Amino acid sequence: MKKTPHTISRRRLLGSAAILALPGSAGLVACASTSETPPPVQPLGQTTFAQYAADTRAWVAARRKFVSASAEGREAELAWNTPSETPPAGDAPPKGGILLIHGLGDSPWSFIDQARSYAEAGWLVRTVLLPGCGTRPEDMLTPTADDWRQVVAEQAEILRRDIAAARPGETPQIWLAGFSTGCNLAIEFASEHEWVSGLVLFSPAVAVRTKLAFLAPVISPFVDWLREPEESMMGGQSPYRYTIVPVPALAAFVSTMRGAERALEKKAFDRPAVLMMSERDSVVDTQSLIGFFAKRFTNPATRFLWYGSSAEAKELSGNDPRVIVRRANIPEARISSFSHMGLLYRPDNPHYGRGGDSLICSRGEERPTADACAGVPETEIHYGAWGDKLRTGVRARLTFNPWFVWQQIDILGVMNGNPPPVKG
C-alpha cells in the first residue's frame with residue numbers, strides 16, 4: 001500500500017533529514033511550532049546594491065544569534081552572513097558582472113573563494129542573502145520561494161544596470177552563479193530573461209536523492225520542526241550557515257526545484273553554462289541529472305565538470321563531448337570521493353580547506369561532530385562525501401576541491417568566450 005504523510009514514521013523523516021542537513025545542505029526538521037509570532041522578514045525592494053547591503057546588514061545585526069563570544073568574532077560573522085561586493089583590481093571598468101546565489105540555510109560566505117577568483121579575472125562580483133538566512137534557523141519559518149526569487153530578480157536587474165553604466169554603449173555581460181538551491185533560482189530567472197549571459201552552477205539541486213523531501217509542502221502547514229534547532233549539531237548554526245532548517249524552508253526549496261525543472265522542460269537553455277557535479281553527491285541525484293542537463297543545456301560552449309568515474313559520465317551523458325571528467329578517488333591525498341559542498345572551496349581555505357578549523361568528522365561508527373577532528377594530525381584525516389563509508393582513520397567530509405585551480409580555469413574560460421576544448 002502506498003504510504004501517505006500520515007503513515008510515514010517520524011524516524012524515517014528524521015533519517016531523510018540527515019541527507020539535507022549539516023554543512024552543504026540543510027535538514028528537514030519538524031514538532032509543533034513554539035513560535036507565537038512569525039519573525040521579521042528581511043527588507044527587500046531597494047533600488048541600489050549599496051542600500052540593499054546596508055539594510056540587510058542592519059537587519060542581520062539586529063536578528064542574528066551570534067556563535068562567537070568576542071566582538072571581533074561577531075563582526076566577522078556579520079560580514080560572512082551579509083551581501084558583499086568584490087570589485088576587480090585597478091581602474092579599468094569590469095568586463096561584466098556575476099551575481100552569486102547561495103544554498104539552503106547557507107550564507108554569502110559560501111562564495112568567498114569563488115568571489116576572489118572572478119574579481120581577479122576582472123569581473124564585478126556581488127553576493128545576495130536569501131531571506132531567512134544569516135540570522136537564526138527560526139527566521140526561515142516565514143520566507144517563501146517567492147521571497148528568494150524576488151531578491152535574485154532585484155539584484156540581477158541592479159547589476160545589469162550598473163554594468164551598463166560602467167561600459168556605456170556595450171551589451172552588459174551578466175552571469176548568475178548558484179550553489180545547490182541557488183542554482184535552481186539562477187536557472188529559473190535566466191530562463192525567463194534572455195539578457196542573462198550565462199550560468200555557473202555548483203551542485204545544481206534540480207533533483208535530490210531523498211524523495212521524502214517532497215512531503216515538506218504537504219506537512220509544512222501543520223508542523224514547523226521535527227527537531228528543535230538547539231537539538232541539532234552546533235545548536236542549529238555555525239558562523240557560516242545553519243545546520244538545520246524548518247519544514248517550511250524545505251517546502252520552499254522544493255518549489256525552486258520544480259521551478260527550475262519546469263523552466264528547462266519548457267525551453268532548453270541556449271547560452272553558455274558551466275555545471276559542476278560530484279558522482280557521489282549525497283544530496284543531489286547527479287546520475288539522473290547529467291543526462292537531463294546534457295539535453296537541456298544546448299550551447300556548444302557549455303561544459304559539464306564531472307568529479308567521478310569517466311565510464312559513468314560517458315554512459316549517463318550519452319557520451320556528450322562537453323563533459324570534462326576529473327577523478328574523485330585520490331588515494332595519495334586520502335580522498336575517496338567528492339561531496340555536495342566541496343566544489344566551492346580552495347584546498348587552503350582556513351575553515352573548510354585541508355585540515356581546516358570547521359571540518360565535520362567522525363571516528364569509526366560514531367556520529368559526525370564538529371570537534372571529532374580536534375587534535376588529530378591532518379595526515380591522519382581521510383576525506384570523502386557525506387555517507388561515504390570510509391573504514392580507515394578519522395573521516396571528514398570533503399569540504400574543499402583539490403582540483404580548484406583547474407576548475408576555475410575552466411569556468412573563466414567559458415565566461416570569457418574561450419571554453420576548454422571538447423573531446424575529440
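**Sheets, helices and a salt bridge**

Trainee: Which residue stands opposite Gly-97 in S5?
Mentor: Ile-174 stands opposite Gly-97. This is a predicted model, where local features need pLDDT of at least 70, side-chain atom pairs count only at pLDDT 80 or more, and totals for chains, interfaces and linings use all residues. Residues are numbered from 1 along each chain as its sequence is written, and side-chain values use heavy atoms, leaving out hydrogens and water.

Trainee: In what sense do S3 and S5 pair?
Mentor: Parallel. S3 (residues 96-101) and S5 (residues 174-179) share five bridges. Two strands pair if DSSP finds at least two bridges between them. Elements are DSSP runs numbered from the N terminus: helices are H or I of at least four residues, strands E of at least two.

Trainee: What's the order of the eight strands in the open sheet?
Mentor: S2-S4-S3-S5-S6-S8-S9-S10, with mixed pairing.

Trainee: And which strands stand at the edges?
Mentor: S2 (85-86) and S10 (323-326). Each has a single partner strand, so one side of each lacks a neighbour in the sheet.

Trainee: Which helix packs on the sheet and touches S3?
Mentor: H11, residues 404-415. It also touches S4, S5, S6, S8, S9 and S10 (contact means heavy atoms within 4.5 Å). The direction of H11 makes about 155° with that of S8. Axes are lines fitted to C-alpha atoms, for helices over the stretch in contact, and angles run from 0 to 180 degrees between N-to-C directions.

Trainee: Switching to helix pairs. At what angle do H4 and H11 cross?
Mentor: Roughly 50°, and the axes come within 11 Å. That makes H4 oblique to H11. The cut-offs: under 35 degrees is roughly parallel, over 145 roughly antiparallel, 65 to 115 roughly perpendicular, and the rest oblique.

Trainee: Is the crossing of H4 and H11 left-handed or right-handed?
Mentor: The crossing of H4 and H11 is right-handed. That means the near helix is turned clockwise from the far one by less than a right angle; anticlockwise is left-handed.

Trainee: Which residues of H4 make the contact?
Mentor: Asp-113, Gln-114, Ser-117 and Tyr-118. Their partners in H11 include Phe-404, Ile-411 and Met-415.

Trainee: Now H6 and H8. How do their axes cross?
Mentor: At roughly 40°, coming within 8 Å. H6 (residues 181-192) and H8 (residues 247-266) are therefore oblique to each other. Their crossing is left-handed.

Trainee: Which residues in H6 meet H8?
Mentor: Thr-181, Asn-184, Leu-185, Ile-187, Glu-188 and Ser-191. Among those they meet in H8 are Phe-253, Met-257 and Ala-260.

Trainee: How far apart are the axes of H5 and H6?
Mentor: They are 10 Å apart, and the helices pack at about 60°. The crossing of H5 and H6 is right-handed. Trp-148 and Val-152 are among the H5 residues in the contact, and Leu-185 and Phe-189 are among those of H6.

Trainee: How many salt bridges does the structure hold?
Mentor: It holds 22 (a side-chain nitrogen of Lys or Arg within 4 Å of a carboxyl oxygen of Asp or Glu). One joins Asp-139 and Arg-63, with the closest N and O atoms 2.6 Å apart. Asp-139 lies in the loop between S4 and H5, and Arg-63 in H2, so the pair ties together parts 76 residues apart in sequence.

Trainee: What's the order of the three-strand open sheet?
Mentor: S11-S13-S12, with mixed pairing. S11 (361-363) and S12 (381-384) are the edge strands. The twist averages 30° from one strand to the next.

Trainee: Which residue in S13 is the bridge partner of Arg-363?
Mentor: Val-394. S11 and S13 pair in the antiparallel sense over three bridges.
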